[in-house]
Amino acid sequence: MRGTSTCDASDPTSLRVLVLHQGWPVALYLVAELARLGVRPVLAGSAEHPLLRRYAREQVHAEYKTADGRARLAQLLAASPWDAVVATTDEWLAAVLAAGVLDTRLVWPRLDPLFAPALSDRRAMDALVRELGVAVPARRDADEHNLDKALAELGTPCIVRGTAGAGGAQVRTAGTLAEVRAALNELASVSPGAPYLQAFVPGPTVLVGGLYADGRCLQSYAAEKTAVHPPPFGPSVCVRSIDAPAAVALADRIFGRLRFHGVGFVEFKLPPGREPVFIELNPRPWGSARATRAAGVDILAQAARQIVGMDPVPARVCRAGREAALFPQYLDAVIERGELKRGDLAPLLRALRAIPWREPRLALHFCRQLYWGHAAQKRRRAAAGV
């Protein structure tokens, strides 16, 4: 196992940082923040356009879904005396930890290795959270012979969930036994583990994200989704910061127990008149993390400082009631819904305000992705006769 690097963190330009990503906007925003500190990381993961060369020392292919890919990842991790290895998705974090070739102190984000198995086991995570006195929804295994009994115990509507999937990709609502069966069949081919049933919890969904240092909260941010795409469980495209002290306190309790170090978030449901109910935890920068800037805390900028060994700047107060559209997600939703064709300029103006103007190459990269993505979608629809 490779030991920790002796590279001087007071000179960020000399640091060897590996960023594992899937092309998600939040990961590239984090890379831009690293570049602002003088760090040019090695980008590994999904293929990216040369526009991003300004931010990266090198771009290499990496994947973890096949045995050959995992072997090459282990070679990549062992090939250099990395000062930090940044995993920007749950899957990348699990793959890095499973490779077993790095000192875990080099991995960002990280947690107490004792709890690492809970990251890929929702049952274990629910049990851990429940032990901390945090409410979790009732759940039942999707046993075909007892589906009707499980549905009667959970009530309707209920939630059918896969064991992975970001942005609600493996979440369905079902109100009848037939809908439950249809959802299970749909998720069976995409869920890594067996899909299961979960009680529906009324109330708004609240996201609590933060920057932590060995379990101690340095900065926190609470928000509600004001728009998602596609509805009803798609990723956020617009969020509003809120004052949610009970949810923030519970998130701090959970991350403290994990001795979490880095950026992560927890989702809660806020049922009327009850304590927040835990839904899920994700040990990574969340999709709307850049929106924290509108509320007075720039968590991604402080995360970049933490990665390179700098002390994060003391947090300012997170201001409630600050709404922010996400770029390029909001513009993508506006185009998909055809709102620009109706001559409504308000969505366009909101999307323009969300553009990272101080990072024109990054903005151009996202616009290029949107253009080719929608062009490919039009071709598929034309071929299908839609």
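The structure is a predicted model, in which local features need pLDDT of at least 70 and side-chain atom pairs count only at pLDDT 80 or more, while totals for chains, interfaces and linings use all residues. Residues are numbered from 1 along each chain as its sequence is written, and side-chain values use heavy atoms, with hydrogens and water left out.

**Figure 1. The salt bridge between Arg240 and Glu224.** The side chains of these residues meet with 2.9 Å from N to O; a salt bridge is a side-chain nitrogen of Lys or Arg within 4 Å of a carboxyl oxygen of Asp or Glu. Arg240 belongs to strand E12 (residues 236-241) and Glu224 to strand E11, so the pair ties together parts that are 16 residues apart in sequence. Helices (H or I, at least four residues) and strands (E, at least two) are DSSP runs, numbered from the N terminus. Glu224 has a relative accessible area of 23% and is therefore partly exposed. The term buried means under 20% relative accessible area, exposed means over 50%, and partly exposed lies in between (1.4 Å probe, protein chains only). Elsewhere, salt bridges that share partners join Glu33, Arg36, Arg358 and Glu359 into one network.

**Figure 2. The salt bridge between Asp90 and Arg284.** A search of the whole structure finds 18 salt bridges. In the bridge of Asp90 with Arg284, the closest N and O atoms are 2.7 Å apart. Asp90 is in helix H3 (residues 90-99), whereas Arg284 is in the loop between E14 and helix H8 (299-307), so the pair ties together parts that are 194 residues apart in sequence. Arg284 counts as buried because its relative accessibility is 7%. Side chains of opposite charge can pair when their charged atoms come close.

**Figure 3. Helix H4 and its buried residues.** Helix H4 spans residues 122-131, and its residues Arg122, Met125, Asp126, Leu128 and Val129 are buried. They cover an arc of only 160° around the axis, which puts them on the same side of H4; the arc is that of the directions from the helix axis to the C-beta atoms. These buried residues pack against strands E6 (139-141), E7 (158-161), E9 (196-199) and E14 (277-282), and against helix H7 (245-258). Contact means heavy atoms within 4.5 Å. At the start of H4, a side-chain oxygen of Asp121 comes to within 3.0 Å of the backbone nitrogen of Arg123. Just after H4, Gly133 has a positive phi of about 85°.

**Figure 4. The salt bridge between Arg123 and Asp141.** The two side chains meet at 2.5 Å, N to O. Arg123 lies in helix H4 and Asp141 in strand E6, so the pair ties together parts that are 18 residues apart in sequence. Arg123 is partly exposed, at a relative accessible area of 42%. Asp141 is also partly exposed, at 49%.

**Figure 5. Helix H5 and its buried residues.** In helix H5 (residues 147-154), Leu147, Ala150, Leu151 and Leu154 are buried. Seen down the axis of H5, they fall within an arc of 100°, so they line one face of the helix. An α-helix has 3.6 residues a turn, so residues three or four places apart point the same way. The cover over the buried residues of H5 includes E6, E7, E9 and helix H6 (177-188).

**Figure 6. Leu258 in helix H7.** Leu258 is buried, with a relative accessible area of 0%. Not counting residues up to four places away in sequence, Leu258 touches Leu111, Asp112, Phe115, Leu128 and Leu281.

**Figure 7. Gln219 in strand E11.** Strand E11 covers residues 216-228. Gln219 counts as buried because its relative accessibility is 5%. A polar atom of the Gln219 side chain lies 3.4 Å from the backbone oxygen of Val313. A polar contact is a pair of N or O atoms within 3.5 Å; within protein, one must be able to donate a hydrogen and the other to accept it, and residues adjacent in sequence count only if both atoms are side-chain atoms.
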